[in-house]
Amino acid sequence: MPLRGKTESTPAVAWEYALKLLTYRPRSEGEMMRRLQARGFASRIVTATVNKLKEVGLLDDERFACDLATYRLATRPVGRIRLQQELQQRGVTPQLAAATVKDLLTPETEMAAARKLAQKYRRRPGEDDRRFSRRLARFLWQRGYDGEIIRGVLAEIHTRDNIDRHR
């Protein structure tokens, strides 16, 4: 909602609005800039406000990205592709998002999370292997796992299924 009068578009009002936004949840620099601009503040006021927030330690994109990624992986695990996209949607730069994901999500932990998701995914009654594999692959792909991880999980499932059938 744009500001109604010029008298309300001051650095003090922008500062108060930014603090109000931060009481709800942490924000990235990009997200804060978008919110302040959408509220109708001039570019110089937005820049000054964001710089002041950074100076006092209320805006820190590295901490924001790390905290958000850690929370996301703990609550609803996703693959590196989706996690990086979600960070960028929240205003984190692509470089910082990639670095954060690389630091937090090793190939081993990503594979373990994909395995855990695949174990919860159930085969429909009478469903053949090919159809189940396609559905599971699509499920994992939609959660941001890359082809290499998906192929590895499918190979493990097929190996396990073949061993179970021959018992």
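The model is predicted. The chain contains nine helices and zero strands. Its radius of gyration is 22 Å, whereas a compact globule of 167 residues would have a value near 15 Å. Nine salt bridges are present in the structure, and a patch of positive charge lies on the surface.

**Overall architecture**

- Read from the N terminus, the order of elements is α-α-α-α-α-α-α-α-α.
- Along the principal axes, the C-alpha atoms occupy a box of roughly 80 × 30 × 20 Å.
- Buried residues make up 37% of the 167 residues of the chain.

- Lys54 and Glu29 form a salt bridge through their side chains, with an N to O distance of 3.4 Å.
- Because Lys54 belongs to helix α3 (residues 43-55) and Glu29 to helix α2 (residues 29-38), this pair ties together parts that are 25 residues apart in sequence.
- Lys54 is partly exposed, at 34% relative accessibility.
- Glu29 is likewise partly exposed, at 22% relative accessibility.

- The side chains of Arg80 and Glu110 are joined by a salt bridge of 3.0 Å, taken from N to O.
- Arg80 is part of helix α5 (residues 80-89) and Glu110 is part of helix α7 (residues 107-120), so the contact ties together parts that are 30 residues apart in sequence.
- Arg80 counts as partly exposed, with 22% relative accessibility.
- Glu110, by contrast, has a relative accessible area of 2% and is therefore buried, the cut-off for that class being under 20%.

- Arg115 pairs with Glu156 in a salt bridge whose closest N and O atoms are 2.7 Å apart.
- Since Arg115 sits in helix α7 and Glu156 in helix α9 (residues 147-165), the pair ties together parts that are 41 residues apart in sequence.
- Arg115 is partly exposed, at 32% relative accessibility.
- Glu156 is also partly exposed, at 33% relative accessibility.

**Salt-bridge network**

- Salt bridges link Arg25, Arg27 and Glu31 in a network.

**Positive surface patch**

- Arg124, Arg130, Arg131, Arg134 and Arg138 together form a surface patch of positive charge.
- Arg138, one of the patch residues, is located in helix α8 (residues 129-142).
- The relative accessibility of Arg138 is 47%, so this residue counts as partly exposed.

- Gln84 lies in helix α5.
- With 24% relative accessibility, Gln84 counts as partly exposed.
- Gln84 and Gly147 are 63 residues apart in sequence, and their C-alpha atoms are 16 Å apart in space.
- Gln142 is a residue of helix α8.
- A relative accessible area of 48% makes Gln142 partly exposed.
- The C-alpha atoms of Gln142 and Ile81 are separated by 9.7 Å, although the two residues are 61 residues apart along the chain.

**Selected positions in helix α9**

- Arg151 is placed in helix α9.
- At 57% relative accessibility, Arg151 is classed as exposed, a class that requires over 50%.
- Arg151 and Ser133 are 18 residues apart in sequence, with a C-alpha to C-alpha distance of 9.7 Å.
- His158 also belongs to helix α9.
- His158 is partly exposed, having a relative accessible area of 27%.
- A distance of 10 Å separates the C-alpha atoms of His158 and Arg130, which are 28 residues apart along the chain.
- Arg130 is also one of the residues in the positive surface patch.

Definitions and conventions. Residues numbered from 1 in each chain as written. Predicted model: local features only at pLDDT ≥ 70, side-chain atom pairs only at ≥ 80, totals over all residues. Heavy atoms only, no water. Patch = residues over 30% accessible without salt bridge, like charges linked within 9 Å, V, L, I, M, F, W, Y side chains within 5 Å. Areas by Shrake-Rupley, 256 points an atom, 1.4 Å probe, with all protein chains shown as cover. Salt bridge = Lys/Arg side-chain N within 4 Å of Asp/Glu carboxyl O. Lys, Arg positive; Asp, Glu negative; His and termini not counted. Charge placed at Lys NZ, Arg CZ, Asp CG, Glu CD. Helix = DSSP H or I, 4+ residues; strand = E, 2+ residues; numbered from the N terminus. Buried < 20%, exposed > 50% of the residue type's maximum accessible area, 1.4 Å probe, protein only. Rg over C-alpha atoms; globule rule 2.2 N^0.38 Å.
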